[in-house]
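Reader: I'm new to this one and I'd like to know where the labels come from. Could you take me through them?

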Amino acid sequence: MRIMFVGPPGAGKGTQAVRVSAAYGIPHVSTGDMLREEIKNGSALGQKAKSYIDKGELVPDDVIIEMVKERIGRADAKNGFLLDGFPRTRTQAEALDEFARLDTVINIYVPDDKLVHRICGRRVCSECGATYHESMLQDVRHCPKCGASLFIRDDDKEEIVKQRLSVYKEKTQPLIEYYSERGILHDIVGSGGIDTITKAILAVINGEK
Ligand code: ADP
Ligand code: ZN
C-alpha cells in the first residue's frame with residue numbers, strides 16, 4: 001500500500017498518518033519530522049533546512065527528493081509507506097513518479113480560519129513527538145502521555161503560519177489536480193473528530209467509499 005496525504009498545514013495530516021500507518025503496518029514518512037530530526041542532530045542538511053523552515057518557505061526540491069528517495073528505498077518500505085508532507089511541489093511529484101507509484105492520495109480539507117487557530121495553539125512533546133491543542137490540555141507544559149516538556153514549533157508563529165498557508169496554495173494545492181486526473185485522489189473533510197476522520201480515511205483506502 002503506497003499512500004500519500006496532502007492538505008494544508010494544520011489539517012491534521014500528521015495525527016492521522018500515525019494512526020493509518022500503524023493500521024497497515026507501513027512506515028510513516030513525514031518530511032517535516034525528518035527535517036526536524038536533522039535540525040536536532042545539527043547536521044549540515046538540518047542547518048540548511050532550518051533557514052527555509054523558519055521563514056515558512058519550502059526547503060529546495062533536490063534536498064527533499066534525495067531524502068525521500070533514500071527513505072523509501074529502505075527495507076521497511078518494501079511493502080508500502082505513507083507519505084506525509086511530500087510531494088509538495090510539481091517537481092517533487094514528477095520526481096516521485098520516477099521512483100514510486102502511489103495507490104491512493106488522500107486530500108484532507110479544512111477551512112483556513114480553523115487552520116490558523118489549530119496551528120497557533122499547537123504544542124509538541126519534546127520526547128515522544130505527540131501533538132496537542134492547548135485548549136485540550138490541563139497542563140500546557142507537560143505531555144499527558146509521557147510527562148516530558150511541551151514546546152511550540154518556531155514555525156507555528158502566526159506570521160509564519162500565514163506564509164506557510166500561502167506557500168501551500170501556490171505550490172502544493174495544484175497537486176490535487178495532478179492526482180485527481182489520475183483517478184487516485186479522495187477528499188476527506190478534516191474537521192470532525194479525530195476517530196471519525198481516521199475511520200473515513202480507512203474506509204476510502206479499503207475501497208469501501
Ligand atoms: P506543516 O504541514 O504543518 O506545514 P511539516 O512538518 O510537514 O508541517 O513541514 C514543516 C516545514 O518543513 C515546511 O514548512 C517546509 O519548510 C519543510 N518541508 C517539509 N516537507 C517539505 C517538502 N516536501 N518540500 C519542501 N519543504 C518541506
Ligand atoms: Zn510525550
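Reader: What makes Ala77 count as buried?

Author: Its relative accessible area is 5%, and buried means under 20%, with exposed over 50% and partly exposed in between (1.4 Å probe, protein chains only). So Ala77 is buried. A word on the ground rules: this is a predicted model, where local features need pLDDT of at least 70 and side-chain atom pairs count only at pLDDT 80 or more, while totals for chains, interfaces and linings use all residues. Residues are numbered from 1 along each chain as its sequence is written, chains are lettered from A and ligands numbered from 1 in the order in which they are written, and side-chain values use heavy atoms, with hydrogens and water left out.

Reader: Where does Ala77 lie, and which residues does Ala77 touch?

Author: Ala77 lies in the loop between H4 and E3. Helices (H or I, at least four residues) and strands (E, at least two) are DSSP runs, numbered from the N terminus. Not counting residues up to four places away in sequence, Ala77 touches Pro27, Arg71 and Ile72, where contact means heavy atoms within 4.5 Å.

Reader: Why are H4 and H5 called roughly parallel?

Author: The axes of H4 (residues 61-72) and H5 (residues 90-99) cross at roughly 30° and come within 10 Å. Axes are lines fitted to C-alpha atoms, for helices over the stretch in contact, and angles run from 0 to 180 degrees between N-to-C directions. Under 35 degrees counts as roughly parallel, over 145 as roughly antiparallel, 65 to 115 as roughly perpendicular and the rest as oblique. H4 and H5 are therefore roughly parallel.

Reader: Which residues make that contact?

Author: On H4 they are Asp61, Ile64, Ile65, Val68, Lys69 and Ile72, and on H5 Thr91, Gln92, Ala95, Leu96 and Phe99. They divide into seven nonpolar, two polar and two charged. For those classes, Ala, Val, Leu, Ile, Met, Phe, Trp, Tyr, Cys and Pro count as nonpolar, Asp, Glu, Lys and Arg as charged, and the others, Gly among them, as polar.

Reader: And what makes H2 roughly perpendicular to H4?

Author: H2 (residues 31-41) packs on H4 at an angle of about 100°, with the axes 11 Å apart. That angle makes H2 roughly perpendicular to H4. Thr31, Met34 and Leu35 of H2 meet Ile64, Met67, Val68 and Arg71 of H4.

Reader: How do you know that Arg164 and His133 are buried?

Author: Arg164 has a relative accessible area of 11%, so Arg164 is buried. His133 has 15% relative accessibility, so His133 also counts as buried. Arg164 sits in helix H7 (residues 158-172), and its contacts beyond four places in sequence include Asp155 and Asp156. His133 belongs to strand E6 (residues 131-133) and touches His117, Arg118 and Gly121, leaving out residues up to four places away in sequence.
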